[in-house]
Amino acid sequence: MRSGKHRPPGPRRLPLLGNMIQIAKANPFFSHLAFHKLSEKFGGLMRLKVGFQDVVVVSDFKIMQDMLAKDVFSGRHFEGYMKERSFKKDLGIIFTSGEMWNVLRKFTVKNLRDYGFGRKQTMENTISGEVKQFLTYLKSSLANSNNNSLRVERLFHLSLLNVLWSMVGGKTFSHDDPQLLRLLKINEDLMKTGNFGANLAFAFPLLAVYLPSYTGIADQRKFNGTFQEYIREIFAEHRRNGKFASQPSSFIDACLTEIEKNAHNPSSYMQEEQLLITIIDLFQVGSETTGNTLSYAILFMVLYPQVQQNVFEEINSAFPGDSLPTYEDRTLLPYTEATILETLRLGNVVPLPPPRKAMSSCSYAGYFFPKETIVTMNFYSALMDEKYWEDPYNFRPERFLDSSPNFLDKRKRVEQVFGFGKRICVGEDLAKMSLFLYFSACIKNFDFKRDISEPTPSMVPLPGFILSPQSFTALVSSRQ
Ligand code: HEM
C-alpha cells in the first residue's frame, strides 16, 4: 500500500542537474524521444527532475485519456521565459488557467462561431474556396518552374492561414503577399526556437535572464515583438475603418467592441493586451500545426508511392472527372481517411503539447500531486508504442482497417492527438476538415514523386515547439 505522499517513480536525481544527464543520454535532441526511452524503464507515469523543474511525464495512453480529462489537471504550466510573449502577464488562451482561461476560451469560441469557425457548412465553404485558390496557385507555380520541382515543407501554410484569417480578421491574402510571407517566416523561425536552448531555459530559468542569446530567448523576444506590432496595426486599421461596432465583420471586430465596452472596467479580462495575445495564439498555432501535418502527408506520399496510388484510385473512382469529395464524403473514402490518420500518427507534429499543471493538490493512481505539479503528456509514446502498434516506424494506413474495410478501434487513439477534456484543441474541427479537403484535392489533381536529383527526404523532423519536416522537394505533375 502506498503512503499518502507517494510520488510517481523516476530515475535517481543528482543535486542541481536533477535528471538532465539521464535525459541527455536517452536523447540529447528531442525531449519526446528521451522521455519515451526513460518511460520504458520507469513506466507510464514517471517523475523527472528537469534542472530545477519537477515534471510528471505521462506516456501511457489510457492514463493520459483519464488523467488529463480531469478538471484538476486542466491548468497550464506558464512560467519563466514563456511569459515574455505576453508582456510577462497571464494572457490569451493557450497559457492561462482557471477562471481567466475559461472566460477567454468561451468568448473566443463563441465569437469565432459567428464568422463560421466550427459551423460545419460555413467552415467547409471557406476551406473549399481556399482549396480551389490553392490548386490554381499550385498549377501556376508548376508552370513557372522549369522541372516541375516544388519545395513542399511550407507549401500549405499561407493558404491555411487564409482560412483562419477570413474568420479572425475578415480578409484573405494573396499567395505572394510580402508582409504575410514575412510573418509566416518569423513564425516558422519562432517555432524552431523550441530547441535545446529552450529546454535549458525551462530547466534553469535564470539562464534565460543571463544568456538570452544562447537559449534563443533573445530571438523569441524579437519575433514576439513583431507579432504584437502587427496585430496592434491590424487593430488600428479596424478602428480607423470605424465600423467594428456597427457592422462587425470578423472576430477582431468583436474583440474591439468588447475592449471598448470594458474600457472603464479594469477588473474585466477583456482588455486590449488580453485579446491581442489571444489572436496571436490563434495565428501562431493555427497554420503551423495543420501546415506541417500536410507537408508530412506529401512527404509520406513521395516515400510510399503505392499508398499515393491507392488514395488516388479510391478518390478517382468515387469522384471521377473534375468533382472533389466534400467532408461528409469522407465516409466513402476509408483508405484516404486511414492515410490521414497514419500521417497524424507518424508525422505527429505536437508530440509534447504545452504542459498542464495540477490546479490543486490531489491524488491519482495512488500517487500524490502537489498543487502546481507540471504534467506533460508524451503523444510520441502513445503513437509509437511497440506493444500497441505493430511495426510503428512504417507508414501503413492499412493498420486502421479490417478487410471490409471498417475502421478498427485504433483510430480513436490517433484522433486524440488534439488533447483531452476541457482543454482539448480549439481548432480540432478546423484542422480535421482542412486535412481532409486539402489532402484529397491535392492527390486527386496532382502526382507527387521523389526528386531523384536530391537526397531521399528524411522523416526525421526539425526540432521545435511544433515539429516540421526538413526541407524537401517533390516533382509534381498535374493529373488532368
Ligand atoms: C493538426 C493540427 C493540430 C494539432 C495536432 C493540434 C494539437 C493540439 C494539442 C495537443 C493541444 C493541447 C490540448 C491539451 O492540452 O489537451 C492544442 C491546443 C490548442 N490548439 Fe491545437 N492543434 C492543431 C490545430 C489547431 C488549429 C488549426 C488551431 C487554430 C484555431 C489550434 C488552436 C489551439 C488552441 C487555441 C489551443 C489551446 C487550447 C487551450 O489551452 O484551451 N490548433 N492543440
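1. Housekeeping: numbering starts from 1 in each chain, following the sequence as written. Because the model is predicted, local features need pLDDT of at least 70 and side-chain atom pairs count only at pLDDT 80 or more, while totals for chains, interfaces and linings use all residues.

2. The ligand has 27 residues around it, with Gly286, Thr289, Gly419, Cys425 and Gly427 the closest. Near here means a C-beta atom, placed from the backbone, within 6 Å.

3. By class, that shell splits into 16 nonpolar, six polar and five charged residues. Nonpolar covers Ala, Val, Leu, Ile, Met, Phe, Trp, Tyr, Cys and Pro; charged is Asp, Glu, Lys and Arg; the others, Gly among them, are polar.

4. Helices H12 (272–303) and H17 (428–445) each give at least two shell residues. H12 has the largest share, seven residues. Elements are DSSP runs numbered from the N terminus: helices are H or I, at least four residues, and strands are E, at least two.

5. Now the sheet: it is open, with three antiparallel strands in the order S4-S12-S9. S4 (149–151) and S9 (446–450) are the edges, each pairing on one side only. Pairing takes at least two DSSP bridges.

6. S9 and S12 (residues 473–478) run antiparallel and share five bridges. Lys449 sits opposite Leu475 of S12.

7. H12 turns up again here, packing on the sheet and touching S9 and S12 (contact: C-beta atoms, placed from the backbone, within 7 Å). Its direction makes about 65° with that of S9, with axes fitted to C-alpha atoms, for helices over the stretch in contact, and angles from 0 to 180 degrees between N-to-C directions.

Methods:
Contact = placed C-beta atoms within 7 Å.
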